[in-house]
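Here is a short briefing on how the chains of this model meet and how parts of them pack. Please keep the structure in view while reading.

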Amino acid sequence: MLLRYTLRRLILAIPLLLGISVLTFALVHLTPGNPVQQQSAMNPRFSADSIKALRALYGLDDPLPLQYWHWLSRLARFDFGFSLRDQRPVMDKVWAALPATLFLNVVAFLVALGVAIPFGVHSATHPRTRFTRAFSGFSFFAFSFPGFWLALLLQLVLAAALGWLPISGILSPGLELAPWWQRVPDFLWHAAGPILVSVFGSWAVMARYVRNNMFEALHQDFVRTARAKGLSERAVFWRHALPNALLPVVTLLGLSLPGLIGGSVIIETIFAWPGMGRLAWEASTGYDYPVILGVSVLGACLTILGNLAADLGMALLDPRIKVQ
Amino acid sequence: MAAGRAFFRGPTLVAGLGLGLLALGALLAPWLAPADPDHIDILGRLGAPGLSHWLGTDALGRDVLSRIVYGARVSLAVGLTAALGSTVLGTLLGAISGYAGGWVDELMMRGADVLMCIPSLFLVLTLIVVLGPGIYNVVLVIILTGWTDIARLVRGEVLSLKQRDFVLAARASGATPARVLLRHVLPNAMAPVYVSLTFGIAGAIMMESGLSFLGLGVQPPTASWGSMLSEGRESLQEAWWLVVFPGLAILATMLLINQLGEAARRHFDPKGGL
Amino acid sequence: MSLLAVDELTLGFGADADVVRQVSFELGAGESLGLLGASGSGKSLTALAVLGLLPPACQWRAGSIRFEGRDLAGLAPGERRDLCGGAMGLVFQEPFTALNPLMTVGAQVAEGLRLHRGLGAADAAGQAAAWLDKVGLQPGLEKAKLYPHQLSGGMRQRALLAMALACRPRLLICDEPTTALDATVQAQILGLLRRLQGELGFALLIISHDLAVIHALAPQALVMEKGLVVERGPVAGILAAPQSPAAARLLRAYGMLEGDSMSEGQGG
């Protein structure tokens with residue numbers, strides 16, 4: 001039953017993937033002044049060979065439908081061509097950058113959730129205390145705080161002035177060949193800054209979401225029924241209110257997915273964290289078409305997969321969802 | 001809408017006044033700024049905040065305060081036009097999609113789905129690469145990528161309003177679908193639009209700052225809070241004021257707009273807010 | 001000694017006027033009593049007060065409630081909870097939202113059994129299934145595995161009855177138990193209630209704005225309006241000749257007033 005549900009959802013994703021292929025095709029081929037002309041005009045570095053490579057890559061001399069077919073078949077093979085910067089295959093670069101981004105964003109998401117759930121639940125169960133009001137105010141402040149400014153301030157204060165955190169990078173120089181038990185703590189130390197900035201921005205929104213769900217759950221009729229049965233407040237909270245309040249968190253996960261993959265562009269750039277975000281930034285300032293398109297398409301694929309996983313999770317957890 | 005006075009209560013009043021002052025300051029920048037924001041003075045570069053330059057000078061000796069005042073123009077201009085553009089676009093598309101139904105609805109929603117699949121920053125960067133950097137393209141890109149959320153919301157409202165009696169009455173009276181949509185349905189679907197517009201301005205300002213910070217937005221020598229932060233980053237250790245003040249400007253603006261947005265949400269959509 | 005004795009109960013919110021004013025009544029073991037009133041008359045709050053489930057904003061301004069001789073106000077929260085569900089049961093109006101959507105019906109019935117009777121998981125599950133059988137959800141073992149969204153309104157109300165009665169309370173309070181259901185199902189639920197009361201012998205406090213519902217279940221009734229008891233007596237007597245304008249209005253709304261040639265159709 002679950003397998004059929006998964007297959008059905010995968011099939012539904014095909015039009016989406018086709019749509020993405022059409023969109024990216026349009027971006028490359030139909031914009032005024034095709035990329036090759038723009039490239040060479042703006043960047044005299046481009047040799048005749050580069051231009052020839054681009055024309056071959058995008059088949060810009062062929063009729064349009066044929067071009068699209070070539071594009072589609074290459075996308076299906078995840079062949080995005082070669083980076084204009086260093087001629088490496090785009091997929092290689094993206095693949096190498098993916099783990100760093102996933103680590104950063106997934107850990108940040110989990111930490112933010114870990115902070116948001118207790119705060120959100122508490123402010124729903126104690127609606128008018130001073131603590132809750134202070135928390136609301138602080139979360140509003142955090143929500144408005146520009147993330148990249150926080151990163152810069154962190155670098156300014158903690159790194160430059162106090163030296164508590166490294167300014168950038170993923171590993172201290174010289175440790176690349178060190179044994180794992182030396183590399184891991186160093187890696188985590190480097191990850192602390194980016195994760196902190198990412199969490200600061202996202203926990204406020206999550207906490208509000210959790211709070212609203214918890215508040216609603218606490219005022220549902222079935223909570224009254226549970227109390228009428230004589231259950232203790234603890235039992236009412238843990239067994240009836242909380243499960244119903246936290247179920248939408250899986251939905252939240254689904255909604256956060258694009259952000260989990262692409263949301264860290266600026267943070268990665270500031271901290272020189274070698275992930276997909278920084279790759280995207282390098283590609284955009286360098287007009288490296290193949291790479292930026294590859295990053296976007298792959299990001300979209302990951303989002304679709306992730307949404308499917310979130311839907312499956314909901315289907316497993318919520319008995320109201322029919323898995324036929 | 002009624003209850004204007006009740007809306008501007010307490011912190012919201014402060015926010016409204018603050019934003020009004022900000023907008024005024026941006027408009028009157030040429031008269032308010034103490035110096036020419038583009039005036040280069042190499043000898044006076046990286047000067048600390050003091051009497052002659054209240055917020056210091058940057059790496060080219062330009063007065064930071066003046067650049068911040070002029071930067072407000074950029075932020076507000078981009079924020080307002082981009083947010084307005086994407087809200088109008090999204091509202092129209094969502095309304096048409098919801099009202100027409102059928103293949104029009106399917107097509108538009110699939111299109112929105114495709115756009116929403118690609119992580120938004122990647123999409124924005126891709127579009128900037130295709131279109132080129134600069135302030136006008138930033139506005140265009142924000143409009144092209146920001147319409148999907150409000151379109152969904154408006155579509156939802158329109159779908160539920162479609163079946164209401166007053167709509168059926170309007171249709172029965174022989175009005176064209178466009179007239180019914182624009183004069184009867186849409187005015188009743190506006191609640192999420194006001195909230196979305198307000199938060200959209202904040203989002204657009206953040207996006208412009210971020211893009212300018214990355215070097216893909218407003219191009220030098222024009223002053224933008226984001227590009228000032230990027231430039232300040234180079235001299236991070238020697239000149240803390242280059243990083244602190246532009247960021248403070250962004251933070252203050254965000255707090256003011258978000259406060260208005262929260263008030264709008266409480267007013268129009270009481271269930272969603274804090 | 002009566003089972004339940006409510007004496008001059010007075011409740012209110014904040015600085016506003018009393019919403020329940022000096023309400024007094026007594027209910028003996030195995031007896032049935034109806035509380036008739038329109039919405040806003042304070043009847044539901046009275047019921048919530050008995051179980052100690054008043055909303056936090058509601059103040060207990062005067063009066064007392066004694067259950068089996070014990071003053072409910074003086075009880076510790078733990079003792080109060082033991083009475084709830086254990087000695088007293090409450091069935092609410094909205095079967096559609098009164099059940100936890102994430103737990104099976106059987107688990108929700110068994111929860112009370114495990115709490116008040118100290119039964120182990122297997123025993124509780126077995127007895128829960130037996131109770132579901134008893135209220136007409138047959139076969140109980142199969143129905144116990146269903147989730148609330150898989151049951152119709154009438155079936156959910158039966159499940160709620162099973163939940164309320166599983167620990168064999170001595171008092172059952174039903175607040176508008178059939179209002180959300182359609183006519184045929186209403187009749188079935190009322191019949192079920194009568195049968196169960198005959199079998200189990202609990203005292204019944206039936207709250208409704210529909211005198212026909214009360215008439216089906218209780219010989220005596222109180223009429224409440226704006227928090228005051230405005231009439232009391234045998235149900236048949238109220239039907240035949242209502243003394244208070246409130247009762248007359250409710251009867252007229254249901255087309256039950258003698259001599260009325262037309263029925264209104266709108267509920268109170």
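The points below go from chain contacts to helix packing, the sheet and the cores.

The model is predicted. Two pairs of chains are in contact, and chains A and B share the most contacts. Chain B and chain C do not touch.

**Chain A with chain B**
- The contact brings together 42 residues of chain A and 35 residues of chain B.
- On the chain B side, α5 (102-117), α6 (120-131), α10 (191-213), α11 (225-234) and α12 (241-268) each supply at least two residues.
- α6(B) gives the most to this side, with nine residues.
- By class, the side of chain B that touches chain A has 24 nonpolar, eight polar and three charged residues.

**Chain A with chain C**
- Here 16 residues come from chain A and 23 residues from chain C.
- Both α2 (77-83) and α3 (105-116) of chain C supply at least two residues each to the side that touches chain A.
- α3(C) gives the most to that side, with four residues.
- The side of chain C that touches chain A divides into twelve nonpolar, seven polar and four charged residues.

**Chain B and chain C**
- The nearest C-alpha atoms of chain B and chain C are 19 Å apart.

**Helices α5 and α12 of chain A**
- Helix α5 (residues 90-125) of chain A packs with helix α12 (residues 276-285) of chain A at an angle of about 135°. Their axes are 7 Å apart.
- That angle makes α5(A) oblique to α12(A).
- From α5(A), the contact uses A:Lys93, A:Val94, A:Ala97, A:Leu98 and A:Thr101. From α12(A), it uses A:Met276, A:Gly277 and A:Leu279.
- The residues of this contact comprise five nonpolar, two polar and one charged.

**Helix α9 of chain A**
- Six of the eight residues of helix α9 (residues 221-228) of chain A are buried, so this helix is largely enclosed by the rest of the structure.
- The buried residues are A:Phe222, A:Arg224, A:Thr225, A:Ala226, A:Arg227 and A:Ala228.
- In α9(A), the buried residues pack against α10 (233-262) of chain A. They also pack against α1 (43-51) and β6 of chain C.
- A:Gly230 follows α9(A) and has a positive phi, near 95°.

**The sheet in chain C**
- Chain C holds an open sheet of six strands with mixed pairing, in the order β6-β7-β8-β3-β9-β10.
- β6 (88-91) and β10 (228-234) of chain C stand at the edges. Each has a single partner strand, so one side of each is left without a neighbour in the sheet.
- Neighbouring strands of the sheet are turned by 15° against each other on average, direction ignored.
- Strand β3 (residues 32-37) of chain C runs parallel to strand β9 (residues 220-225) of chain C, joined by five bridges.
- C:Gly34 stands opposite C:Ala221 in β9(C).

**Nonpolar cores**
- The largest nonpolar core has 150 residues. Those with the most contacts inside it are A:Ala116, A:Ala151, A:Ala280, A:Ile292 and A:Val295.
- A second, separate core of 84 residues includes C:Val109, C:Ala129, C:Ala164 and C:Leu172.
- Leaving aside its neighbours within four places in sequence, A:Ile292 is in contact with A:Ala280, A:Ala283 and A:Ser284, and also with B:Leu125, B:Thr126 and B:Val129.
- In soluble globular proteins, nonpolar side chains tend to be buried together.

Key: Residues are numbered from 1 along each chain as its sequence is written. Chains are lettered from A and ligands numbered from 1 in the order in which they are written. This is a predicted model: local features need pLDDT of at least 70, side-chain atom pairs count only at pLDDT 80 or more; totals for chains, interfaces and linings use all residues. Axes are lines fitted to C-alpha atoms, for helices over the stretch in contact, and angles run from 0 to 180 degrees between N-to-C directions. Angles under 35 degrees count as roughly parallel, over 145 as roughly antiparallel, 65 to 115 as roughly perpendicular and the rest as oblique. Two residues are in contact if their C-beta atoms, placed from the backbone, lie within 7 Å. Ala, Val, Leu, Ile, Met, Phe, Trp, Tyr, Cys and Pro count as nonpolar, Asp, Glu, Lys and Arg as charged, and the others, Gly among them, as polar. Two strands pair if DSSP finds at least two bridges between them. A nonpolar core is a set of buried Ala, Val, Leu, Ile, Met, Phe, Trp, Tyr and Cys residues joined through C-beta atoms within 7 Å. A residue is buried if 20 or more other C-beta atoms lie within 10 Å of its own, exposed if 12 or fewer, and partly exposed in between; C-beta atoms are placed from the backbone.
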